[in-house]
Amino acid sequence: MAYLTFDEYSSFSTTVTQEQFSALEQQAEYAIDDATHDYYQLNSLTDDPNQRRVRDFKRAVAEQIDYFAFVGSTKSYEQESDDFKTVRIGRLELDPNSSVVASTKNGLCRESYQLLGKHGLLFRGVS
């Protein structure tokens with residue numbers, strides 16, 4: 001079951017078309033499941049009594065979809081290879097301060113990471 005429908009996605013954002021959404025939503029799920037240790041694979045998203053957590057989780061999926069659409073790739077190795085290191089044309093030299101991959105944390109864009117983190121879904125300690 002998908003975490004997010006296109007209608008729900010549209011209420012958060014309208015960056016991608018419905019056709020693009022189908023492929024990107026699945027990849028966003030994989031990234032978020034990996035970061036949250038499959039929290040909502042093991043627990044019911046629809047039965048979760050904490051509606052703020054559910055809404056932020058869905059927003060995190062939407063942000064991850066937007067991120068994948070923006071960078072044009074869902075794979076870290078593709079994102080990394082597209083980044084340039086230094087470009088020099090005559091006296092002009094461009095040296096980026098961060099790459100696309102460096103702006104992610106555990107494979108998630110910052111917005112998704114923050115939304116999931118504030119509810120403890122990224123907790124790595126021992127319980």
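Lysine 58 is buried, with 16% relative accessible area. In this predicted model, lysine 58 forms a salt bridge with glutamate 8, and the closest N and O atoms of the two are 2.6 Å apart. The pair links distant parts of the chain: glutamate 8 belongs to helix α1 (residues 6-12) and lysine 58 to helix α4, 50 residues apart. Glutamate 8 is partly exposed, at a relative accessible area of 26%.

**Helix α4**

Helix α4 covers residues 51-71, 21 residues in number. From its first C-alpha to its last, α4 reaches 30 Å, close to the 30 Å expected at 1.5 Å a residue. At the start of α4, asparagine 50 places a side-chain oxygen within 3.2 Å of the backbone nitrogen of arginine 52. Glycine 72 follows α4 and has a positive phi, near 80°.

**Salt bridges**

Side chains of opposite charge can pair when their charged atoms come close. Over the whole structure, a search finds four salt bridges.

| Glutamate 8 | Lysine 58 | 2.6 Å |

Aspartate 56 counts as buried because its relative accessibility is 6%, and buried means under 20%. Salt bridges that share partners join Asp56, Arg59 and Lys118 into one network.

**The protein as a whole**

The protein has six helices and four strands. From the N terminus on, the order of elements is α-α-α-α-α-β-β-β-β-α. The protein has 127 residues, and buried residues make up 34% of them. Of the contacts between residues at least 6 apart in sequence, 62% join residues at least 24 apart. The accessible surface comes to about 8300 Å², and carbon and sulfur atoms account for 48% of that area.

Key: Residues numbered from 1 in each chain as written. Predicted model: local features only at pLDDT ≥ 70, side-chain atom pairs only at ≥ 80, totals over all residues. Heavy atoms only, no water. Helix = DSSP H or I, 4+ residues; strand = E, 2+ residues; numbered from the N terminus. Expected span 1.5 Å × (residues − 1). Polar contact = N/O pair within 3.5 Å; in protein donor to acceptor, adjacent residues only side chain to side chain. Salt bridge = Lys/Arg side-chain N within 4 Å of Asp/Glu carboxyl O. Buried < 20%, exposed > 50% of the residue type's maximum accessible area, 1.4 Å probe, protein only. Contact = heavy atoms within 4.5 Å. Areas by Shrake-Rupley, 256 points an atom, 1.4 Å probe, with all protein chains shown as cover.
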